[in-house]
Each structure stands twice: as C-alpha cells, then as structure tokens.
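Subject: Structure handover

Hello,

Here is the structure we talked about. Please have it open while you read the notes below.

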Amino acid sequence: MSLTIMRRIKFCAGHRLFQHGGKCENFHGHNYIADFFVSSGNQDSVGRVLDFSDLKRLCKGWIDEHWDHSFLVYEQDENAIQALKQVKPCRLFLMPYNPTAENMARYLMEEVCPALLAHTGATTTRVRIWETDESFAEAAIDEDSRLAISNHDASEQLS
Ligand SMILES: [Zn+2]
C-alpha cells in the first residue's frame with residue numbers, strides 16, 4: 001500500500017505557445033496552481049509520508065526561484081527570447097518544449113521533483129497544473145512506472 005499527500009502552490013507566470021496559430025501565440029499570463037502529489041510506502045515515526053512543511057519548502061522554493069513572475073518560453077522560440085531579453089530585469093525560464101500546462105506538469109514531474117525529493121524516501125506520483133479555475137493538465141506515473149500526460153476541462157462536465 002502507498003499513502004499520498006498533496007501540496008498546492010500558487011504562482012503567476014507569463015508564456016506564449018510557439019506556432020500555436022491562435023490567440024495563445026500572444027504573450028499573456030496565468031495565475032497558475034501546481035498540485036504536487038507525493039507518495040510513499042513508508043511512514044515516518046510520527047506517521048507521515050513527509051512533513052507538509054518540508055514538502056511546501058521544497059516545492060514552493062523551486063517555484064519561487066524559477067517560475068513565479070517569470071516568462072516560460074520554448075527554447076526554440078528565438079523571437080520571444082530576443083524580445084524578452086530587451087526587458088530589464090529579464091526573468092526568463094527556457095523550456096525544452098512549448099510551455100503548455102501539460103508540458104509544465106511534465107517538466108516538474110520529470111526534471112524537478114526527482115531531485116527535490118531525492119533525500120526524502122517519497123516520490124512524486126502526480127503533478128497537476130491548473131491554468132484556469134476550470135481546466136488542468138496532469139502528468140502521472142501509472143502502475144507500470146510510465147509517465148502519462150492528460151488534460152481536463154471541468155467546464156465541459158458542468159455545462
Ligand atoms: Zn496561456
């Protein structure tokens with residue numbers, strides 16, 4: 001059996017979707033929510049997967065340092081990079097793929113969380129990125145330890 005805890009981190013960031021062809025190709029921003037789901041088969045002597053305050057410190061620390069009030073840009077989007085480098089101070093975070101909510105969840109899951117949690121004995125099993133109140137994208141490890149990326153629009157279920 002594994003037990004899971006979740007910590008929510010809120011942040012603001014700008015982005016654009018390279019070669020999107022629609023309005024998301026324009027510079028714009030979101031009030032994002034990142035939900036970090038962390039699991040372990042073991043509990044500590046107190047009965048915890050991980051101390052919530054440690055999980056907050058690790059996840060919020062990384063987000064604050066790298067993504068909060070930054071522009072997330074695809075590393076091949078030379079036009080956006082050139083433009084943003086004109087701005088002083090320039091707070092730019094280059095992504096290896098387009099900065100969609102799906103890819104942001106994937107980046108946290110694959111590139112960030114393994115290192116953040118390396119010393120804790122717990123692992124990140126799911127990361128959700130909420131781009132609006134009504135929609136999120138998710139990267140999750142399935143039973144075969146494969147990464148699955150999906151997106152969900154709550155407004156479709158409500159209307
Ligand atoms: Zn957007």
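Start with Ile9. Leaving aside neighbours within four places in sequence, Ile9 is in contact with Ala34, Cys59, Lys60 and Ile63. Contact means that the C-beta atoms, placed from the backbone, lie within 7 Å.

Two notes on the source. Residues are numbered from 1 along each chain as its sequence is written. This is a predicted model: local features need pLDDT of at least 70, side-chain atom pairs count only at pLDDT 80 or more, and totals for chains, interfaces and linings use all residues.

Ile9 sits in strand E1. Helices (H or I, at least four residues) and strands (E, at least two) are DSSP runs, numbered from the N terminus. Why does Ile9 count as buried? Because 20 other C-beta atoms lie within 10 Å of its own. The cut-offs are 20 or more such atoms for buried, 12 or fewer for exposed, and partly exposed in between, with C-beta atoms placed from the backbone. Ile9 and Ile33 are 24 residues apart in sequence, yet 5.8 Å apart in space, C-alpha to C-alpha.

Two strands count as paired if DSSP finds at least two bridges between them. Strands of a sheet pair through backbone hydrogen bonds, either parallel or antiparallel.

E1 (residues 3-15) and E2 (residues 28-40) run antiparallel over 13 bridges. Leu3 has Ser40 as its bridge partner in E2. Ile5 stands opposite Val38 in E2. E2 also pairs with E5, again in the antiparallel sense, over seven bridges. There, Asp35 has Arg128 in E5 as its bridge partner.

**The helices on the sheet**

H3 is kinked by about 35°, centred on Met109. The bend at a residue is the angle between axes fitted to the seven residues ending there and the seven starting there. Met109 is also among the buried residues of H3, which include Ala101, Ala105, Leu108 and Cys113. Their cover includes E2, E4, E5, E6 and E7.

**The core**

The largest nonpolar core has 33 residues. Such a core is a set of buried Ala, Val, Leu, Ile, Met, Phe, Trp, Tyr and Cys residues joined through C-beta atoms within 7 Å. Ala34, Val38, Ala105, Leu108, Val127 and Ile129 have the most contacts inside this core. E1, E2, H1, E3, H3, E5 and E6 each supply at least two of its residues. H3 gives the largest share, seven residues.

**Loops to look at**

Leu117 lies in the loop between H3 and E5. Is Leu117 buried or exposed? Leu117 counts as buried because it has 20 C-beta neighbours inside 10 Å. Leaving aside neighbours within four places in sequence, Leu117 is in contact with Val38, Leu58, Ala122, Thr123 and Thr124. Leu55 is 62 residues away along the chain, with 8.5 Å between the two C-alpha atoms.

Gln19, in the loop between E1 and E2, has a positive phi of about 55° although it is not a glycine. Gln19 is exposed because it has 10 C-beta neighbours inside 10 Å. His69, in the loop between H1 and E3, has a positive phi of about 60° and is not a glycine either. His69 is exposed too, with 11 C-beta neighbours inside 10 Å.

Last, the cis peptide bond. It joins Lys88 and Pro89, with omega at about -5°. Pro89 is in the loop between helix H2 (78-84) and E4.

Best wishes

Technical notes:
Two residues are in contact if their C-beta atoms, placed from the backbone, lie within 7 Å.
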